[in-house]
Amino acid sequence: MKKTGAQIVWESLLKEGVEVVFGFPGGAIIPLYDSLPDYPGVRHVLVRHEQGAAHAADGYARATGKVGVCMATSGPGATNLVTGITNAFLDSVPMVAITAQVARSSIGRDAFQEVDTTGITLPITKHNYLVLDTPSLARVLKESFHLARTGRPGPVLIDIPKDLFTDEVEYVYPERVNLAGYKPVLEGHGAQVKRAAKLINEAERPLIIAGRGVAISGAYGELRELAELCEIPVVTTLLGIGSFPEGHGLSFGMPGMHGMAYANRAVDGADLLIAVGMRFDDRVTGEISKFAPGAKVIHIDIDPAEIGKNVKVEVPIVGDAKRVLGALLKGVKGGSHSEWLKQLREWREEHPLVVRGGLELLPQYVIQQIYEVTRGEAIVVTGVGQHQMWAAQHCCYDKPNSLISAGGLGTMGFGLPASVGVKVGCPGEVVWCIDGDGSFQMTMQELGTIVQEGLGIKIAIINNGYLGMVRQWQGLFYNRRYVATPLSGPDFVTVARAYGIPGLKVTKREGVVPAIERALDEDGPFLIDFVVEPEEDVYPMVPPGAALAEVIEEPVRKEVSV
Amino acid sequence: MTTKHILVALLEDKPGVLNRMASVFRRRGFNIESVNVIDTINMGSSELPNLTRVTIVVSGSKDMVTQLKRQLEKIIDVVKVSEIPAQGEV
């Protein structure tokens, strides 16, 4: 049966199980939007800026495990998506981005709102397409969803010239894809799995480092079984948080630049690292030449290019984390490492996560109270900066995907639009967007989206009047010269009220819990502006270029020179 | 140890695929000594239709070349990458 290009897009999205798209229309994409009302099965969420569409699709994908879809028009619509697509690329988030392009007859003529979208997005997508004939459209859509969600997931962009949307062709949605150059390896190599099992059986101080790959492959059960069977302690990277319950006796927190001192000691003291679905980012390893000096490394990852990229690996296992761990479970004997665990517990007691005393409103206290009042049942979405690290440190995440945060790209402004996607994907969950005043001001126009879509998102702004993480570095490494980091802001409660969102400003400790309770009483969205101690720093901290063992645990309070 | 390596890549004959390869060299900082591109149809090979063969000579350590090979294999339109022995190595 003949269909227009626009109909082909919507029908193919429905065939892929898409229920919601996040987008913003414009000239070239009007004909695609024009046929949207014929497809009531697709919910369109109108964002206020295309970057928000990409972050919302990203948050939706992380929270639900489904492919997030965003769309934008040609030119500025496409370029505004770029930051959000890059963020998804760095964190392996399944996404399909659809952009309109100028009509085929105008391509290459610098037409109005023409930009080389596939050229721009080439290094930030898993794959991208410029579709130049309508009959290919169905195949390209099929391939895009397949590429986005399989193997190491990632964003795929489809650039569609305007005239294709109204062009009519025979429509048959392909049953399967045929990509000669794309065959992800899922099963771990048998001999390597055996070697890994042997190393695990022989190890005295083994440690599992779990990353986002565990969540992507749904390997929670296998990971926990392996840890319990062999009594192996587990640390999780920022994006791995929630892939192993933090309340579990074998959980030892997050290693890395702002990780717990005891987690970093664990990495430093281990004789075997079992790295699952993580990629040895420099924020996790510290100075790479001094990383885990005494440890052999088993690296399990679905992306062969990650193996050996940053650290030398004794046993590489390319495959899907769930299947590889499943195979490993059959090869390991099980055992106990009571001496090693005793050591780790001692380190945790001697070097706990410290929050200094004081009657000021401390940001860590605010985050701890959000966790307490929500009984750990909320999904926490963060922006990027100090508040993000405190949110990672001061809640105990027991559930998969209960912390949604921008890791690899470190994208300020991620929090609010990402929480839009999370709440759309998980309407029954309590969603808290914990943001900084700097990060929030980058994308706060999405308050409009929240109201228009009726999303009951709770927003906590950790307001210190600084671009805090940069200020912290200036304080520590740049002689306390706070250049361009003092940041004014609007009265956030008034801004929220202008959008029709109720809110409260909190400046004292005793106001924290009642404000959080008040936010939870509200069915709809609620904003709390927590005006916190302005110069609080994030600790522990491994200074850039230092080894994990050289962690600074406690702040050295500098006096202000007059 | 830096030595010469020869990589042979088979690519789907699609628009922009050389750009994708060049982007990997540039982005990951690999120095290419020579690149030779030939359409396999022009080689009279009937069993490999619609493929392009690219021969790359690169200087670097073994680990670096392994990483380059894997990065190239990640490109969806790259079907296969193999290393062939450089002259004097056989």
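Because the model is predicted, local features need pLDDT of at least 70 and side-chain atom pairs count only at pLDDT 80 or more, while totals for chains, interfaces and linings use all residues. Residues are numbered from 1 along each chain as its sequence is written, chains are lettered from A in the order in which they are written, and side-chain values use heavy atoms, with hydrogens and water left out.

**Confidence**

- Chain A has a mean pLDDT of 96, and 99% of its residues reach 70 or more; pLDDT is the predictor's confidence in each residue, from 0 to 100.
- Residues 558-562 of chain A have pLDDT under 50, and the model gives this stretch four contacts beyond four places in sequence (a contact means heavy atoms within 4.5 Å).

**The sheet of chain B**

- Chain B has an open, antiparallel sheet of four strands in the order E2-E3-E1-E4. Strands (E, at least two residues) and helices (H or I, at least four) are DSSP runs numbered from the N terminus, and two strands pair if DSSP finds at least two bridges between them.
- Strand E2 (32-39) and strand E4 (78-84) of chain B each have a single partner strand, so one side of each is left without a neighbour in the sheet.
- From one strand to the next, the twist averages 20°; axes are lines fitted to C-alpha atoms, for helices over the stretch in contact, and angles run from 0 to 180 degrees between N-to-C directions.
- Strands E1 (residues 3-12) and E3 (residues 51-60) of chain B are joined in the antiparallel sense by 10 bridges, and Leu7(B) has Ile56(B) in E3(B) as its bridge partner.
- Helix H1 (residues 17-28) of chain B packs on this sheet and touches E1, E2, E3 and E4 of chain B; the helix direction makes about 150° with that of E1(B).

**Where chains A and B meet**

- Chain A brings 16 residues to the contact and chain B brings 15 residues.
- One salt bridge is found across the interface of chain A and chain B, meaning a side-chain nitrogen of Lys or Arg within 4 Å of a carboxyl oxygen of Asp or Glu.
- Lys74(B) and Asp303(A) meet through their side chains in a salt bridge, at 2.6 Å from N to O.

**Links within chain A**

- Over all chains, the structure holds 33 salt bridges.
- Arg43(A) and Glu453(A) form a salt bridge, their closest N and O atoms being 2.9 Å apart. This pair links distant parts of the chain, 410 residues apart: Arg43(A) is in strand E3 (residues 43-46) of chain A and Glu453(A) is in helix H18 (residues 447-453) of chain A.
- Glu533(A) sits in the segment after E19 of chain A and touches Arg356(A), Glu360(A), Leu361(A), Leu362(A) and Asn464(A), not counting residues up to four places away in sequence.
- Glu554(A) is in the segment after strand E19 (526-531) of chain A; leaving out residues up to four places away in sequence, Glu554(A) touches Val354(A) and Tyr539(A).

**Backbone details in chain A**

- Most residues other than glycine have a negative phi, and most peptide bonds are trans.
- Tyr539(A) and Pro540(A) are joined by a cis peptide bond, with omega about 0°.
- Glu231(A), although not a glycine, has a positive phi of about 50°; Glu231(A) lies in the loop between helix H9 (220-230) and strand E10 (234-236) of chain A.
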